[in-house]
Amino acid sequence: MTTAGAAQEPPRSAGAQPLSGPRSQPYSEAAAETLWGTGIEPVPESAELGPTGRPLRLVPDPPPVSHQGDALIVAMCNQKGGVGKTTSTINLGAALAEYGRRVLLVDLDPQGALSAGLGVAHHDLDQTVHNLLIGSRTSVDDVLMSTRVENLDLLPSNIDLSAAEIQLVNEVGREQTLGRALEPVRGNYDYILIDCQPSLGLLTVNALACSNGVIIPMECEYFSLRGLALLNDTVEKVRDRLNPRLSLYGIVVTMFDSRLLHSRQVMARVVEVFGDLVYDTAIARTVRFPDASVAGEPITTWAPKSSGAEAYRAMAREVIHRSGR
Ligand SMILES: Nc1ncnc2c1ncn2[C@@H]1O[C@H](COP(=O)(O)OP(=O)(O)O)[C@@H](O)[C@H]1O
Ligand SMILES: [Mg+2]
């Protein structure tokens with residue numbers, strides 16, 4: 001989904017950041033401190049430039065899992081809708097699972113797009129994440145589903161979840177509700193990826209409060225840059241007040257089209273501001289992603305040889321390399 005007016009010359013209005021010029025936010029410095037996987041071996045660079053304009057790092061094929069259980073929890077977060085959060089959650093999850101990692105996907109959006117994208121008839125479900133957050137008698141095992149992809153499980157949601165923000169308001173420890181619910185299964189997975197809704201409300205705060213880190217999917221489009229400062233502020237607030245271990249893991253640029261000057265300019269600006277936090281892998285715009293969602297499958301199984309499937313595998317290799325698991 002493209003924001004109306006995206007093709008026009010970007011306005012220089014208040015709040016809009018210029019695409020080029022001096023770095024206006026100290027993200028890269030913060031990034032250097034919060035980059036995960038400190039202690040991981042640096043990798044050689046190829047002579048070839050990647051989509052980010054940097055030399056591609058030659059990330060090796062992942063080794064077998066060395067570290068079982070005690071999942072790394074990752075919030076896939078951006079308060080803008082239609083930027084590729086759900087698509088990235090499904091396909092990064094499926095690619096990690098292909099590499100032998102045990103992955104749990106959590107649908108934390110009442111739209112239920114993650115569940116639908118994995119072929120789950122979510123409207124008919126009795127037990128969803130909503131019951132897990134609100135009902136005291138529901139355990140995570142009652143909600144957990146396996147998917148058609150080996151190593152990939154799901155906690156599904158549907159529109160019922162839209163009531164949760166209001167229902168949680170009067171709970172004690174309301175921001176930690178999701179974390180408490182996930183604790184019993186954390187030992188069964190290597191990664192837990194949470195697909196957040198497009199808002200910074202209480203559900204998203206719950207995701208951030210229980211996560212080790214945040215991955216921001218960002219549509220390669222000028223107006224997408226504008227919300228990132230607000231998102232970064234929210235991450236910092238949650239880190240200060242609720243979850244000191246929370247890091248910004250990385251930014252994955254989606255719907256990238258290397259033929260368009262606009263795409264290349266936006267990418268250059270994102271790299272300028274966020275530096276090494278930007279994954280070398282960019283996800284190109286292709287109709288095969290919506291097609292795979294309609295089929296209810298990750299692209300890695302629906303079109304395993306497609307460039308989209310290869311892109312999410314490359315991202316998964318970066319994620320594994322950076323996290324060291
Ligand atoms: N790389 C891509 N190329 C083309 N379409 C994409 C791409 N990534 C996502 N889409 C499509 O864009 C729409 C929004 O993506 P989605 O992942 O649902 O975003 P979000 O979860 O951030 O709202 C969906 O129809 C999806 O199929
Ligand atoms: Mg979504």
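How many of the nine residues of helix H8 (residues 202-210) are buried?

**The whole chain**

This is a predicted model. Show the protein chain as a cartoon: it has 13 helices and nine strands. The chain has 325 residues, and buried residues make up 45% of them. Among contacts with a separation of 6 or more, 78% join residues 24 or more positions apart.

**Helix H8**

Now return to H8. Nine of its nine residues are buried, so the helix is largely enclosed by the rest of the structure. Click along the helix to see them: Leu202, Leu203, Thr204, Val205, Asn206, Ala207, Leu208, Ala209 and Cys210.

**The sheet**

Select strands S3 to S9. Seven strands form an open sheet, in the order S5-S6-S4-S7-S3-S8-S9, and the pairing is mixed. At the edges are S5 and S9, each of which pairs on one side only. As background, strands of a sheet pair through backbone hydrogen bonds, either parallel or antiparallel.

Colour strand S7 (residues 191-196). Six of its six residues are buried, so S7 is largely enclosed by the rest of the structure. Which residues of S7 point one way, and which the other? Tyr191, Leu193 and Asp195 point one way, while Ile192, Ile194 and Cys196 point the other way. Both sets are buried.

- S3 pairs with S7 in the parallel sense over five bridges. To find one of the paired positions, select Val74, whose bridge partner in S7 is Leu193.
- Strand S4 (residues 103-108) also pairs with S7 in the parallel sense, over six bridges. Here, select Leu108, whose bridge partner in S7 is Cys196.

S3 also pairs with S8, in the parallel sense and over three bridges.

**Met76**

Select Met76, in strand S3 (residues 72-76). Is Met76 buried or exposed? Met76 is buried, because 28 other C-beta atoms lie within 10 Å and 20 or more are enough to count as buried.

Show the surroundings of Met76. Leaving aside neighbours within four places in sequence, Met76 is in contact with Lys85, Ser88, Thr89, Leu193, Ile194, Asp195, Cys196, Ile215 and Pro217. Ile215 is the bridge partner of Met76 in S8. Draw a distance between the C-alpha atoms of Met76 and Ile215: they are separated by 5.0 Å, although the two residues are 139 residues apart along the chain.

**Helix H9**

Move to helix H9 (residues 228-241). H9 has 14 residues and reaches 20 Å from its first C-alpha to its last, close to the 20 Å expected at 1.5 Å a residue. Select Leu228, Val235 and Val238, which are buried. Turn the view to look down the axis of H9: its buried residues fall within an arc of 85 degrees, so they line one face of the helix. On the other side of H9, Asp233, Asp240 and Arg241 are exposed. What covers the buried residues of H9? The cover includes H8, strand S8 (213-219) and S9.

**Ligand 1**

Select ligand 1 and display the shell around it. There are 18 residues in this shell, and the closest are Lys85, Thr86, Thr87, Phe289 and Pro290. Helix H2 (85-98) and helix H11 (288-295) each supply at least two residues of the shell. Colour the shell by class to see eight nonpolar, eight polar and two charged residues. Lys85, one of the closest to the ligand, is also in contact with Met76.

- Asn151 has a phi of about 75 degrees. Look for Asn151 in the loop between strand S5 (145-146) and strand S6 (152-155). Asn151 is partly exposed, with 19 other C-beta atoms within 10 Å.
- Met255 has a phi of about 55 degrees. Look for Met255 in the loop between strand S9 (247-254) and helix H10 (261-274). Met255 counts as buried, with 23 C-beta neighbours inside 10 Å.

Notes
Residues are numbered from 1 along each chain as its sequence is written. Chains are lettered from A and ligands numbered from 1 in the order in which they are written. This is a predicted model: local features need pLDDT of at least 70, side-chain atom pairs count only at pLDDT 80 or more; totals for chains, interfaces and linings use all residues. A residue is near a molecule or strand if its C-beta atom, placed from the backbone, lies within 6 Å of it. Helices (H or I, at least four residues) and strands (E, at least two) are DSSP runs, numbered from the N terminus. Ala, Val, Leu, Ile, Met, Phe, Trp, Tyr, Cys and Pro count as nonpolar, Asp, Glu, Lys and Arg as charged, and the others, Gly among them, as polar. A residue is buried if 20 or more other C-beta atoms lie within 10 Å of its own, exposed if 12 or fewer, and partly exposed in between; C-beta atoms are placed from the backbone. The expected span of a helix is 1.5 Å times one less than its number of residues. The arc is that of the directions from the helix axis to the C-beta atoms. Two residues are in contact if their C-beta atoms, placed from the backbone, lie within 7 Å. Two strands pair if DSSP finds at least two bridges between them.
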